[in-house]
Amino acid sequence: MLQRLEHLLGIEDLTREQISFILDQAKPFQEFQRHPLKKLATLRGKTVAIAFFENSTRTRISFSTAAARLGADTMNLQAEASSLKKGESLLDTVRTLEAMRPDGLVIRHSSSGAPEFVADRLGVPVINAGDGTHEHPTQALLDALTIRDRKGHLEGWNLTILGDVLHSRVARSNVHLLSKFGVRITLCGPAMWVPRELETLAPNVRRVTRVEEALDGADVIIALRVQTERLHEPALAAEEYILRYQLTPQRLQLARPGALVLHPGPMIRGLEIDGAVADGPQSCVLEQVANGLAIRMALLYHLVGGAAVEPPPAKPPEKAQ
Ligand code: NCD
């Protein structure tokens, strides 16, 4: 039987069946995005706390929109405006939110493991919206949904991930997810961003430094965002990254015909990806955004809404006299 999810903290510990279940649950919500009236009453009366301790625009908007379309209310906490700036600890901040009785918590934090830390201490379902360099599970799920829709299934494809794999939680979650479906994974980027240890992340992972070799035979390519603050001379100049690794139309020709191009955003055109590739027919970037809503609605429905259909807890046993 499918084990009921309590939280979504990462992909690594999920089974293939749990992942397929979430992807299947997202299907009706994909359809729903095309409705003229985009509001359900499923989570009416529920409140989702959305706590972002790290800047984000798209993921935060995606979660708030997903909650709103399910009819839930949201409590928003953003690092900029919060008392975190005044030195409050993560636990105190989250306990304060908890005292307002939300029914679920979506959290993004710059420290790997923060969502798990919070989940161990709070009594509500927690969804990881990206923690440090650890995981970004909803991104990997929306990527998987996009690949499955375009290619019919996930099993057996060749995936190439380009860029700063070392610091990318998107790369890590994708490797965990897709390797469970027998996808062969090639990691490619400057050696300092693709260290040897990453080959042990999951089965069927190899690292390659030449982009031409990495793209040869690829069915799916994920171009990661290059964090410009990590580009500096003499280690690595932007010009060198562009010259050696940018995903250009010429390089894309080395992949299998019709290979998919994914990017988690925000995308820097002219750095990690050429605009012609970003806007080309193989690009899935806008489908990824739309699928992000469907995945997040499915998760909120399942994790936050689930409690509503469960029987109330049994009466506590009578106290012994
Ligand atoms: C990603 C993230 O924050 O991890 N972006 C996102 O969720 N939209 C990828 C990135 O910022 O590089």
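**Figure 1. Surface of the predicted model.** The protein exposes about 15200 Å², and carbon and sulfur atoms supply 52% of that area. The model shown here, as in the other figures, is predicted. Of the 321 residues in the protein, 54% are buried.

**Figure 2. Overall fold and dimensions.** Twelve helices and nine strands are present in the protein. Its radius of gyration is 21 Å, close to the 20 Å that the globule rule gives for 321 residues, so the protein is as compact as a globular protein of that length. Taken along the principal axes, the box filled by the C-alpha atoms is roughly 75 × 45 × 40 Å.

**Figure 3. Contacts along the chain.** Among contacts in the protein with a separation of 6 or more, 74% are between residues 24 or more positions apart.

**Figure 4. Charged residues.** The protein carries 37 positive and 37 negative charges. The mean position of the positive charges lies 4 Å from the mean position of the negative ones.

Figure 5. C188 is in no disulfide, and the nearest cysteine sulfur, that of C284, is 20 Å away. The relative accessible area of C188 is 0%, so this residue counts as buried.

Figure 6. A disulfide is a covalent bond between the sulfur atoms of two cysteines. For C284, the closest cysteine sulfur is in C188, at 20 Å, which is too far for a bond; the cut-off for a disulfide is 2.5 Å. C284 is buried because its relative accessibility is 0%, where buried means under 20%.

Terms used
Residues numbered from 1 in each chain as written. Predicted model: local features only at pLDDT ≥ 70, side-chain atom pairs only at ≥ 80, totals over all residues. Heavy atoms only, no water. Helix = DSSP H or I, 4+ residues; strand = E, 2+ residues; numbered from the N terminus. Rg over C-alpha atoms; globule rule 2.2 N^0.38 Å. Buried < 20%, exposed > 50% of the residue type's maximum accessible area, 1.4 Å probe, protein only. Contact = heavy atoms within 4.5 Å. Areas by Shrake-Rupley, 256 points an atom, 1.4 Å probe, with all protein chains shown as cover. Lys, Arg positive; Asp, Glu negative; His and termini not counted. Charge placed at Lys NZ, Arg CZ, Asp CG, Glu CD.
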